[in-house]
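Let's read a protein model together, one feature at a time. Keep the viewer open and follow along.

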Amino acid sequence: MKAAFITEPGPADSIQVAEQPDPTPGPGQVLIRVYASAVNPIDTYIRSGAIAMDLPQPFVPGCDAAGVVESVGLGVKGFAIGDRVWCTNQGLLGRQGTLAELITVDEGWVFKLPEPVPYEDAAACALVGVTAHLGLFREAQLTPGESILIIGGSGGVGSMVVQMAAAKGARVITTAGSEAKAQVCRDLGAEEVILYKEESIAEKTKAFAPDGVNVFWETRREPDFDTAVDLLAGRGRMVLMAGRDARPAFPVGPFYVKECSLHGFVMFKASPTEMKTAAEDISDWLASGKLSANISARFTLEQAAQAHALQESATLEDSSQLAGKIIVNLNTESLP
Ligand SMILES: NC(=O)c1ccc[n+]([C@@H]2O[C@H](COP(=O)([O-])OP(=O)(O)OC[C@H]3O[C@@H](n4cnc5c(N)ncnc54)[C@H](OP(=O)(O)O)[C@@H]3O)[C@@H](O)[C@H]2O)c1
């Protein structure tokens with residue numbers, strides 16, 4: 001099989017694509033023929049060494065994949081050869097990743113993919129969908145009728161948060177860096193969009209929710225707590241999931257006097273049960289059309305380095321080229 005891999009952390013062009021031995025599923029593992037993989041910012045942090053993790057040698061990056069079960073290891077009960085599946089949480093904590101034609105994944109991280117859903121849609125909604133689900137429902141406990149401000153509504157995570165919050169019956173206001181991205185956000189279910197490069201986030205949010213928003217979802221790597229606490233309603237919840245090196249000022253007094261709460265989390269620390277709860281909703285919502293993929297760019301496996309470079313420039317240099325997920329298509333000649 002062909003795979004994209006690195007032999008040591010480095011820049012995007014240190015990714016090589018070459019033949020590698022086919023993996024064999026161990027006990028409790030599923031062997032998947034991958035048709036689509038997605039790129040996430042964390043793939044680039046691990047590949048570059050910005051986040052140090054134990055890496056198998058060579059290391060295949062990638063958290064997300066969708067494809068078909070090729071074989072199963074001893075003791076696998078939930079999956080059979082030929083099942084359409086998706087997975088996330090790979091390429092992390094010593095596990096091999098998903099930028100390979102064949103991957104082995106522990107059964108607990110694999111989920112059924114309903115028949116009408118395209119492989120690339122499932123891959124595009126995998127890590128970001130689980131992240132949105134955990135943040136909205138396990139952490140912020142969003143309820144129908146509440147209001148939510150999402151910074152970055154057309155991004156990978158943001159586009160999932162917008163759709164899930166709107167589907168829950170919340171009122172959604174979000175930000176976008178261009179009119180084209182604003183239209184993406186409206187199509188996903190946002191009631192109001194702030195063109196943050198020319199409009200004030202604070203003014204538009206106060207007009208939208210004069211008593212404050214119930215939830216503030218921050219996707220930037222430099223969170224702005226002064227604005228967030230100012231815009232939150234009493235007992236408002238702020239979701240925080242980006243910006244490992246950020247050390248911003250924090251308005252302690254206004255925060256506790258308003259009885260706000262702060263919810264930080266990383267999706268890859270969710271238990272298999274928590275991830276399954278999110279994944280089952282994601283599969284159902286993809287099948288019913290309640291959730292749709294927001295794909296911005298597509299690459300082949302041979303272009304894996306380009307896919308990483310694009311994600312990196314969007315995340316670290318704010319290049320504005322992306323308006324959704326990056327997909328890598330694999331095994332296209334045998335796509336069923
Ligand atoms: N904790 C976790 O479990 C977890 C999970 C997934 C991701 N993350 C992290 O979350 C962050 C976002 O991930 P992603 O996959 O959604 O990335 P992404 O697809 O690149 O999206 C980034 C978003 O940020 C917006 N943005 C950038 N600069 C902005 C600014 N100055 N003001 C307002 N919006 C701005 C962009 O909107 P415009 O293009 O409209 O400017 C875009 O929508 C990354 O740092 C990632 O590492 C954490």
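Around the ligand

Q: Which element gives the most residues to the shell around the ligand?

A: Helix H4 gives the most, with three residues. Helices (H or I, at least four residues) and strands (E, at least two) are DSSP runs, numbered from the N terminus. Before going on, note that this is a predicted model: local features need pLDDT of at least 70, side-chain atom pairs count only at pLDDT 80 or more, and totals for chains, interfaces and linings use all residues. Residues are numbered from 1 along each chain as its sequence is written.

Q: How many residues surround the ligand, and which are the closest?

A: A residue is near a molecule or strand if its C-beta atom, placed from the backbone, lies within 6 Å of it. Here 30 residues surround the ligand, and Gly-152, Gly-155, Gly-156, Gly-177 and Met-241 are the closest. Two or more residues of the shell come from each of helix H1 (41-48), helix H3 (126-139), helix H4 (156-167), strand E9 (171-176) and helix H10 (304-316).

Q: How do the residues of that shell divide into nonpolar, polar and charged?

A: Ala, Val, Leu, Ile, Met, Phe, Trp, Tyr, Cys and Pro count as nonpolar, Asp, Glu, Lys and Arg as charged, and the others, Gly among them, as polar. In this shell there are 14 nonpolar, twelve polar and four charged residues.

Q: Where does the ligand lie relative to the domains?

A: Domain bounds come from an automatic or database domain assignment. The protein is divided into domain 1 (2-125 + 293-334) and domain 2 (132-267). The contact between them takes seven residues from domain 1 and nine residues from domain 2, where two residues are in contact if their C-beta atoms, placed from the backbone, lie within 7 Å. On the side of domain 1 that touches domain 2, two residues are nonpolar, four polar and one charged. The C-alpha centres of the two domains lie 29 Å apart. Both domains give residues to the shell around the ligand, so the ligand lies between them.

Q: How do I read the burial of a helix such as H3?

A: Count neighbours: a residue is buried if 20 or more other C-beta atoms lie within 10 Å of its own, exposed if 12 or fewer, and partly exposed in between, with C-beta atoms placed from the backbone. Twelve of the 14 residues of H3 are buried, so H3 is largely enclosed by the rest of the structure. Among them are Ala-126, His-133 and Glu-139.

Q: Which residues of H1 are buried, and what do they pack against?

A: Ile-42, Asp-43, Thr-44, Ile-46 and Arg-47 are buried in H1. They pack against E3 and H10. After H1 comes Gly-49, whose phi is positive, near 95°.

Q: What is in the largest nonpolar core?

A: In soluble globular proteins, nonpolar side chains tend to be buried together. A nonpolar core is a set of buried Ala, Val, Leu, Ile, Met, Phe, Trp, Tyr and Cys residues joined through C-beta atoms within 7 Å. The largest one here has 106 residues, and those with the most contacts inside it include Ile-32, Trp-86 and Ile-148. Strand E3 (residues 29-39) provides the largest share of this core, eight residues. Domain 1 and domain 2 both give residues to this core, so the core lies between them.
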